[in-house]
Amino acid sequence: MPETSGPKSSSGPDPAVMAITLLLALGVLGVYLNTVLSEYTGFVEWVYAKNWGLFFRIFQVSIILLDLVLLVFLIFTLRKLFSLRRVQPEKEIVPHVITPKEEVKESWGHIRELANSSSPSDWNMAVLRADALLDDILTHLGYEGTTLAERLKIVDPTKLPSLERAWSSHRLRNAIAHDPLEQHTRETIIHALRSYEQALKELGMMEEEEQVDK
């Protein structure tokens, strides 16, 4: 015969326990809300009990006084500024224009640094830059031509007594330009640079005290 099973036990929560728990939670929540509402009501009553009208009137008066002080300060500052402009008019800023003589002095400083180097390649570069500098000056003075050689051909020897020395230095420059690896003695380099230097002095573009170091 088949076995008969007994009554099944319920595994879910008890409805009575749930109802009691819910009532207790609602009770606690009600007490909390009542306390919060009482505190809020007390705060509102305290706010309305204060004489805020007097506070706002004092605040408005303070703001008006502060505005008056700022207005007086602004008027004083503007009057001071206008008086300074009348006494010391604005000076026009004139940009400094570098003259050819100043440009030669700066460029010759770099050439001297190269000439005083221990590297023969720097010596060659010094000659190339000195030649280009003389070319720029002759162009600035109005001598026509596309190369320094063309300009040297039309230079008046009375205005450039060291013309032959300039030609010699220019020929050295051409040799360096055609064969940069060829080494020249320091004495040869210094002699050429002094020739360029003398030419610049005779053209009025360099002071007499400017010299290439030995």
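**Close-ups around helix α4**

**View 1. Helix α4 against helix α7.** The axes of α4 and helix α7 (residues 186–202) sit 10 Å apart, and the two helices pack at an angle of about 15°. That angle makes α4 roughly parallel to α7, and the crossing is left-handed. Keep in mind that this is a predicted model.

**View 2. Who touches whom between α4 and α7.** On the α4 side, the contact is made by Trp123, Asn124, Ala126, Val127, Ala130, Asp131, Leu133, Leu134 and Ile137. From α7 come Arg186, Ile189, Leu193, Tyr196, Ala199 and Leu200. Sort these contact residues by type and you get 12 nonpolar, 1 polar and 2 charged.

**View 3. Asp131 reaches over to Arg173.** Asp131, one of the α4 residues in the contact with α7, also forms a salt bridge with Arg173, with the closest N and O atoms 3.8 Å apart. Asp131 is in helix α4 (residues 120–140) and Arg173 is in helix α6 (residues 163–178), so the pair ties together parts that lie 42 residues apart in sequence. Asp131 is buried, at 5% relative accessible area, while Arg173 is partly exposed, at 27%.

**View 4. Arg151 meets Asp135.** Here the two side chains join in a salt bridge, 2.7 Å from N to O. Arg151 belongs to helix α5 (residues 148–153) and Asp135 to helix α4, so this pair ties together parts 16 residues apart in sequence. Both Arg151 and Asp135 are buried.

Definitions and conventions:
Residues are numbered from 1 along each chain as its sequence is written. This is a predicted model: local features need pLDDT of at least 70, side-chain atom pairs count only at pLDDT 80 or more; totals for chains, interfaces and linings use all residues. Side-chain values use heavy atoms; hydrogens and water are left out. A salt bridge is a side-chain nitrogen of Lys or Arg within 4 Å of a carboxyl oxygen of Asp or Glu. Helices (H or I, at least four residues) and strands (E, at least two) are DSSP runs, numbered from the N terminus. Buried means under 20% relative accessible area, exposed over 50%, partly exposed in between (1.4 Å probe, protein chains only). Axes are lines fitted to C-alpha atoms, for helices over the stretch in contact, and angles run from 0 to 180 degrees between N-to-C directions. Angles under 35 degrees count as roughly parallel, over 145 as roughly antiparallel, 65 to 115 as roughly perpendicular and the rest as oblique. A crossing is left-handed if the near helix is turned anticlockwise from the far one by less than a right angle, and right-handed if clockwise. Contact means heavy atoms within 4.5 Å. Ala, Val, Leu, Ile, Met, Phe, Trp, Tyr, Cys and Pro count as nonpolar, Asp, Glu, Lys and Arg as charged, and the others, Gly among them, as polar.
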